[in-house]
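Subject: Structure handover

Hello,

Here is the structure I promised to pass on. My notes follow below it.

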Amino acid sequence: MAENIIEDIVVPRCSGKTMKVNKGQVFRVIAHEGKQVVDLTFLNASNYKEHFAAEHSAVLNSMQGIGGYYRLNKLYSKPPYENVMAKVISDSVGDGDRGGERGGHFMMCHCSKRLLDHLGMPGTRTCSDNFADAFKEIGLNQEDTYDETIFNVWMQSWIGEDGGMCSAPPLVEEGDSIDFLAEMDLIAVISVCPDETSPCNDFKAKALRFQVLEEG
Ligand SMILES: [Zn+2]
């Protein structure tokens, strides 16, 4: 199927951005420099109070046998809405065996000032800073709306047997991508994670490429 590229941008390392994705369009994330995580959330473009809920989506996908905390098929909005906002229609890491037994992603929080304090790197830029910048593009402050639970695309983290969080370098390689089909008009809110203190970005922050596509 032919694809028309509506928008094609590179978001620099350590920065945030919003992109409009209309219903029926595909939002593609491309790891064009290799092992890099993107922290993603989505807002209903007509109602910013309706936003993606990662952990709620993990449970709903788990109950349907189509995903869980490490891979999603359907992205739901928070209660009381609970609508399918988008569907993952292609996932070169999460599909098949590439994502290992977990799936190659992580539905969890993003890095923040307090988190970096505990990593011994106070004052370091975080996904919170990226999201604050991104939300300004649509006239919001970070505290106005959104759930801090995020689709951590390509973040290879998991809950260990002691209940603590474990992380390893992402399984994604240069050129890998993941496609989200918008089920409503959306604002994609992007944080290209700046963390260089943990394996999450393989200890080096990189840029990422994003496209909005339509079937031709
Ligand atoms: Zn981060």
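How many helices and strands does the secondary structure of the protein chain come to? The count is 3 helices and 14 strands. Helices (H or I, at least four residues) and strands (E, at least two) are DSSP runs, numbered from the N terminus.

Two points before you read on. This is a predicted model: local features need pLDDT of at least 70, side-chain atom pairs count only at pLDDT 80 or more, and totals for chains, interfaces and linings use all residues. Residues are numbered from 1 along each chain as its sequence is written.

Overall shape
The C-alpha trace of the protein chain spans about 45 × 40 × 35 Å along its principal axes. Of the 216 residues, 43% count as buried. Buried means that 20 or more other C-beta atoms lie within 10 Å of the residue's own, with C-beta atoms placed from the backbone. Take the contacts with a separation of 6 or more: residues 24 or more positions apart account for 75% of them. A contact means C-beta atoms, placed from the backbone, within 7 Å.

The sheet
An open sheet of 6 strands runs in the order E1-E14-E3-E12-E7-E6, with antiparallel pairing. Strands pair if DSSP finds at least two bridges between them. E1 (3–11) and E6 stand at the edges with a single partner strand each, so one side of each is left without a neighbour in the sheet. Neighbouring strands are turned by 25° against each other on average, direction ignored. The angles are between lines fitted to C-alpha atoms; they run from 0 to 180 degrees between N-to-C directions.

Look at E3 (residues 26–30). It pairs with E12 (residues 177–182) over 5 bridges, and Val 29 has Ile 178 as its bridge partner there. Another 5 bridges join E3 to E14 (residues 208–215). On that side, Phe 27 partners Val 212 and Ile 30 stands opposite Arg 209.

The nonpolar core
The largest nonpolar core has 55 residues; among those touching the most other members are Phe 42, Phe 151 and Val 189. Such a core is a set of buried Ala, Val, Leu, Ile, Met, Phe, Trp, Tyr and Cys residues joined through C-beta atoms within 7 Å. Strand E13 (residues 186–192) gives the most to this core, with 6 residues. Beyond its neighbours within four places in sequence, Val 189 contacts residues including Thr 18, Phe 42 and Phe 131.

Helices and a loop
In H3 (residues 127–136), the buried residues are Cys 127, Ser 128, Asn 130, Phe 131, Ala 134 and Phe 135. They fall within an arc of 155° seen down the axis, so they line one face of the helix. The arc is that of the directions from the helix axis to the C-beta atoms. They pack against E2, E4, H2 and E13.

H1 (residues 54–63) buries Ala 54, Ser 57, Ala 58, Leu 60 and Asn 61. These pack against E6, E8 and E9. Just after H1, Gly 65 takes a positive phi of about 70°.

Val 93 sits in the loop between E7 and E8. Is Val 93 buried or exposed? Val 93 is buried, with 23 other C-beta atoms within 10 Å. Asp 176 is 83 residues away in sequence but 7.2 Å away in space, C-alpha to C-alpha.

Best wishes

Technical notes:
Buried ≥ 20, exposed ≤ 12 C-beta atoms within 10 Å, placed from the backbone. Contact = placed C-beta atoms within 7 Å.
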